[in-house]
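Me: I'd like to learn how to read the interfaces in a protein model. Could we walk through one together?

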Amino acid sequence: MEPSGRRRGYLREFLRSRSGVAGLVLLVALFATSAFVVATTSPSQVQRWQNPAAWEGNPQAAPPAWVNYFGVDAPQTVQLSLGRWSNLSSGAGGAFSASASFSWEHGVPASDLAVVPVFKGQVYEMDVTWTKPDGSSVVMSVSSPVSGSFYDATSSSFKQGIAQFIQAQTGAYVSSVTTPQEVAALFGQDGRDLLNSSVQRGTYTVAVEVLGARGLAPSSWEVSVVGDSYGTMGTDSSGRPIDLGVLAGLPWALEIGSLGSVVAVVGGVLWGGLSGFLGGAKDRAMSWGTLVILATPGLAFIVALSYNVRLTLLSEALIIAGLSWPVFAIIARTVSLSIKSQTYVEADRAMGVSQLRTFTTHFLTRLTPVTVAFTALSVSGFIITGETLAFLGIEPANVITWGGILNAAISFDASVHGWWWWVLFPGVMIIVASLPFVLVGFALDRVVAPRVSAR
Amino acid sequence: MGYARFIAGKTASYVLALLAAVSLLYVGIYPTLQKVIQASAVEAASEFQRNLARGHPGLSLAQMASEVATYKAAYLGAFGFDQPFPVKFALQMANLFEFHLGSSFFIQAPDGSKQVSAIVAAYLPNTILLFTTGTLLVVAVGGVIGLLAARSAGGKLDRVVPVVAIVHSSVPSWWIGFIFIAYFAYSLNVLPSGGISSVPPPAGTLPAFADFLRHLTLPLFSFFIVNFGGFAYVTRSLAVSTMGEDFVTTARARGMTEGRVLFKHVLRTASPSIVTQSILAVAGSLGGAIVTEVVFRWPGLGFLTFEAIIQNDLPVIIGSTFILTIILFMGLYIGELVYGVLDPRIKTGDL
């Protein structure tokens with residue numbers, strides 16, 4: 001009767017803390033988002049994330065699309081679909097054509113042009129004709145294209161066609177072209193100054209002709225005029241959208257944080273509480289055990305252990321928890337010692353109540369609120385440890401982590417290139433995921449801890 | 001008298017704890033450790049063979065092979081390879097504590113040596129420097145802010161400290177490092193983005209030292225900024241609880257200034273608990289500190305470990321983990337000694 005009344009008192013007092021309630025609301029939102037992500041993500045999407053080639057159609061290292069509202073001219077990708085094929089052949093082989101148009105009103109060229117042919121049968125040649133607003137056109141021919149492959153400005157056949165166009169316009173011999181030169185040629189004003197001219201605004205047309213063996217059946221093709229900005233959080237250097245990774249990393253962060261925290265706090269509080277309760281030589285031995293783990297450099301140990309243990313969510317959480325419980329044990333032992341000096345404990349002993357019963361009725365009931373507060377408070381620490389390990393490259397296979405994204409950011413010198421979005425958003429997400437737990441934990445701690453009244 | 005007994009007790013307890021922690025590490029990495037030792041033996045044997053061929057050109061191939069085999073067997077024997085587990089354990093632990101950490105797979109020390117002990121010795125001072133300076137800064141500044149917040153309980157500072165502590169508990173220090181680099185090094189271009197000295201280092205002792213300080217600023221600042229809030233919060237809580245004690249009220253009644261009460265009475269009494277908290281803070285912040293090194297390419301043990309992870313250089317990972325364990329133990333041990341000096345009960349032998 002009495003404990004449940006106390007519990008209600010805790011709740012009332014907790015709800016009085018504005019930051020605590022705000023944290024609770026954020027927490028619910030986080031878990032709801034996480035549940036949504038888990039429900040909508042399949043393992044194949046994780047595999048796709050880990051395969052850089054799967055993202056070729058996206059702009060690489062592009063800032064978020066909303067930078068356009070801040071005076072930056074960073075065009076977004078224009079996706080064209082070639083689906084309505086008209087049959088040109090009357091007899092033997094198969095010949096088809098299709099075209100699509102788009103309007104370009106930016107002051108800068110696109111960053112790439114990519115075509116993904118999809119067809120059944122055999123194609124001998126595919127001609128991509130790029131017509132500019134002023135009517136001049138560039139022809140890029142690919143012989144024997146492979147269905148499902150990706151052809152863009154880096155493929156040699158495109159380079160060849162564009163180089164010919166540059167030579168025709170400028171009259172200068174071009175031995176090799178870079179992607180920026182190619183897109184400058186595709187979008188620039190025709191003439192000698194093609195490569196350094198301003199962009200032509202207006203309607204561009206992409207027309208494709210395929211010539212193949214009898215029975216050729218082209219289906220819907222994707223043509224991307226690749227932009228320079230992408231989505232809400234931009235892309236990394238292989239074109240992966242950061243927003244996708246940031247969202248996909250949420251469940252793992254919450255899982256490792258909550259799991260690690262629960263195991264470490266419950267274990268630590270039991271160990272420390274029992275140690276204080278038992279006292280004497282047993283207390284000294286258990287405190288020494290706490291010292292052993294406390295003075296063990298957790299992060300370095302986990303790195304060393306990770307070469308011997310196959311990392312999964314569970315094993316990683318257990319290893320992290322197994323190395324971080326001493327802090328909770330030390331505090332719980334102090335609490336336990338102060339409970340021990342209370343008269344009701346002495347009364348129990350005088351009345352011959354069993355030790356086990358004394359421990360469960362007096363100690364455990366008073367340690368439980370502390371445990372709840374610590375669990376909430378320490379989740380952030382476990383999230384950070386998990387992400388830190390991932391940043392060092394220690395993470396289970398087949399998970400997407402913010403630490404992993406940041407690891408890629410440092411490997412590809414994101415800071416040096418000024419790709420701030422790649423560094424900023426995953427890091428901010430670590431804070432967003434940790435903060436609600438800390439808010440709730442602080443509020444709980446203030447309610448639960450023996451209160452320190454201000455003067 | 002009381003202090004000497006305290007030291008003796010603590011020393012014994014820490015030495016035993018270190019042995020236990022290293023045994024734990026040993027058991028955890030046992031399979032890889034055996035592979036690493038075998039790889040080291042192969043490496044050492046091939047070096048021996050080269051030297052043998054150079055020094056004794058007259059040896060036949062068979063003689064050479066037998067000499068090399070003997071050498072390799074002796075090398076493995078030194079690690080107790082043909083012995084039962086307890087002997088092997090004792091031998092390999094002894095080797096660890098004598099810093100016979102084997103040779104690395106790829107990473108080299110600045111002088112070109114591939115001995116793990118030489119590599120670790122080259123990187124260790126930078127970690128100690130960064131970590132010790134950072135911890136002292138956090139304890140000093142965080143402690144003073146905490147005391148000041150406690151003095152004006154309910155005041156403006158007292159309300160800010162928990163907020164800072166909350167934010168700090170949810171930010172990884174290495175990530176803050178990223179942001180600092182982007183802002184101070186690449187946007188403002190006022191501080192170097194990483195490393196420990198310019199390339200080439202400036203001539204002369206004083207310019208070189210100034211250059212070193214410029215490189216130290218950002219890593220130190222990131223470590224400090226993420227850790228001082230929590231420490232200030234803890235100090236504040238301890239000081240506030242001490243301020244409710246009768247002797248503080250007495251001191252005030254005697255007409256002492258608030259500052260004198262705070263620093264003479266409150267700090268004096270709360271200092272042992274504050275030291276205990278510092279010990280916990282040190283243990284907790286080491287991980288973040290060594291990862292901060294990675295972001296700033298600060299050539300310390302954290303950076304070394306990162307390089308070793310990338311190159312899969314297991315001997316280096318094991319060696320640096322072992323050395324970090326010793327460092328952390330020494331840090332905590334020093335904390336205990338300070339605690340012993342500060343707690344008056346120890347001097348009188350009451351504890």
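Reply: Let's start with one atom pair: K10(B) forms a salt bridge with E336(B), the closest N and O atoms lying 3.7 Å apart. A salt bridge here is a side-chain nitrogen of Lys or Arg within 4 Å of a carboxyl oxygen of Asp or Glu. This is a predicted model, in which local features need pLDDT of at least 70 and side-chain atom pairs count only at pLDDT 80 or more, while totals for chains, interfaces and linings use all residues. Residues are numbered from 1 along each chain as its sequence is written, chains are lettered from A in the order in which they are written, and side-chain values use heavy atoms, leaving out hydrogens and water.

Me: How is chain B divided into domains?

Reply: Domain bounds come from an automatic or database domain assignment. In chain B they give domain 1 (2-97) and domain 2 (117-347), with C-alpha centres 36 Å apart.

Me: How much area do domain 1 and domain 2 of chain B bury between them?

Reply: Buried area is the accessible area (1.4 Å probe) that two parts lose on being put together, summed over both. For these domains of chain B the value is about 1600 Å², 82% of it on carbon and sulfur atoms. Y3(B), F6(B) and Y14(B) supply 36% of the area on the domain 1 side, more than any other three residues.
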